[in-house]
Amino acid sequence: MPPESADILIVGGGPTGAALALALRGSDLSVVLLEARESMTSDPRPLALSYGSRLILERLGVWARVATATPILSIHVSQRGGFGHSVLSATEAGVPALGYVVSYSELQSALQHDLSGCFTGATVLRIEAGEETALAEFSYLGNKRQINAKLLVVAEGGRGLEGVEGVTQREKDYRQSAVVTQVVSRVLHRNVAYERFTPQGPIALLPFGEKLALVWTTGPQVADMLCSLNDALFLQRLHQHFGDRLGGFYETGKRASFPLKLKYAITPTMPRTVVLGNAAQTLHPVAGQGFNLGLRDSWELSEIILCSTAQQLGTSEMLRAYRARRRLDRYGGIFFTDTLLTLFASDSALFRAARGFGLAALDALPKAKRFLMRRMIFGARG
Ligand SMILES: Cc1cc2nc3c(=O)[nH]c(=O)nc-3n(C[C@H](O)[C@H](O)[C@H](O)COP(=O)(O)OP(=O)(O)OC[C@H]3O[C@@H](n4cnc5c(N)ncnc54)[C@H](O)[C@@H]3O)c2cc1C
């Protein structure tokens with residue numbers, strides 16, 4: 001049964017909440033995590049984790065359990081209907097791999113393997129940020145309960161928990177959905193990831209075992225239509241849309257679609273409360289930044305918590321330190337993904353030409369490329 005008070009209460013046991021709980025394992029603090037789901041559900045989305053995220057997951061003792069992690073050795077960036085491309089490679093970035101593709105579900109079970117103080121089937125209904133402690137009301141085994149904490153961490157993925165309205169949010173609807181599935185291509189992927197920009201939205205094909213994980217962003221109605229096509233027609237549409245670089249596709253799995261918007265908190269704290277991961281910033285999946293950013297939120301919050309005294313835990317001083325430490329990385333990630341989408345959205349010939357020159361110039365400037373890659377891998381302090 002969850003206790004009535006704790007030093008730290010984490011709401012949401014998704015990958016960012018679970019990573020924070022793991023990072024605090026072994027400390028003297030009492031940490032409680034409440035997760036609404038009864039058990040692990042299978043989530044079809046692939047996650048491209050940066051090499052920097054791998055280093056954090058290794059420190060958390062989780063990496064060895066992510067058996068299917070497939071290295072990305074290079075990324076081919078191009079635009080449909082226009083010239084110019086750029087190839088980002090691990091060698092140029094000075095790392096063994098730019099990143100790794102894992103399944104959300106596998107990462108989630110690896111993170112939850114060693115968690116203690118985690119209560120599943122506990123849905124937080126409302127939170128209240130106070131000066132001395134924060135309070136959460138939740139339902140568990142059919143009863144309503146309350147828990148007080150010196151520090152409350154909201155990691156519920158941005159689902160609109162009552163009480164989080166205290167944090168000012170900005171929102172931008174991209175009017176796009178991402179269709180997610182796995183496909184097999186006629187040409188072997190050789191650990192290359194493809195990010196191809198089209199006027200309807202970017203399409204990513206990521207090496208995942210022998211297959212490719214597909215994230216195809218497009219308008220919501222087209223996404224519904226793509227999910228309802230039979231396999232042969234879907235693969236044909238994919239080939240038409242992506243082009244010939246992988247020689248076509250001949251096998252696909254179940255498809256799912258996710259609506260996409262940008263939503264972020266101007267200030268990710270309230271009294272005694274930190275909001276992190278997707279609850280603090282939900283990004284478009286272009287360039288696979290969302291969870292990588294959320295994991296750095298968790299890691300850096302854990303470092304601040306572990307350096308704080310019992311009296312400092314959850315104080316405005318501690319929250320200020322967290323905000324200052326995360327500001328550049330958070331805003332960098334938000335600005336980077338949103339700008340990429342804006343730059344590649346226009347279908348005009350002039351824009352296409354300018355983008356083509358931009359991609360070609362990036363390819364010819366190793367220092368600029370290395371700068372970009374290291375920020376994508378390690379965040380703003382790369
Ligand atoms: C199609 C797609 C592809 C993506 N690809 C990438 C990628 O390649 N790389 C990358 O870095 N990111 C990617 N992302 C983003 C990534 O999925 C998210 O950033 C990540 O899942 C955020 O983790 P989280 O723990 O903050 O939130 P979530 O994953 O949303 O987890 C939140 C958890 O909180 C629980 N919860 C919710 N409400 C309550 C409540 N009231 N009480 C208790 N528990 C609650 C939920 O059950 C859930 O377990 C992608 C996203 C999409 C949609």
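I took rings of Phe, Tyr and Trp (its six-membered ring) as paired if their centres lie within 6.5 Å, with planes under 30 degrees apart counted as stacked, over 60 as edge-to-face and the rest as tilted. The model I examined is predicted, so I required pLDDT of at least 70 for local features and 80 or more for side-chain atom pairs, while totals for chains, interfaces and linings use all residues. Residues are numbered from 1 along each chain as its sequence is written, and side-chain values use heavy atoms, with hydrogens and water left out.

**Aromatic pairs**

I searched the whole structure and found nine aromatic pairs.

Tyr264 belongs to strand E17 (residues 256-265) and Tyr331 to helix H8 (residues 316-345), so the pair ties together parts 67 residues apart in sequence. Helices (H or I, at least four residues) and strands (E, at least two) are DSSP runs, numbered from the N terminus. I noted Tyr264 as buried because its relative accessibility is 14%, and Tyr331 as partly exposed because its value is 31%.

**Charges over rings**

I counted a charge as over a ring if NZ of Lys or CZ of Arg is within 6 Å of the ring centre and within 35 degrees of the ring normal. The charged end of Arg255 sits over the ring of Phe234, 4.2 Å from its centre. For Arg375 I recorded 3.9 Å to the centre of the Phe371 ring, over which its charged end sits.

**Helices H9 and H10**

Helix H9 (residues 349-364) packs on helix H10 (residues 366-378) at about 95°, with axes 5 Å apart. Axes are lines fitted to C-alpha atoms, for helices over the stretch in contact, and angles run from 0 to 180 degrees between N-to-C directions. H9 and H10 are therefore roughly perpendicular (65 to 115 degrees; under 35 is roughly parallel, over 145 roughly antiparallel, the rest oblique). In contact (heavy atoms within 4.5 Å) are Leu362, Asp363 and Ala364 of H9 with Pro366, Ala368, Lys369 and Leu372 of H10.

How values were computed: Buried < 20%, exposed > 50% of the residue type's maximum accessible area, 1.4 Å probe, protein only.
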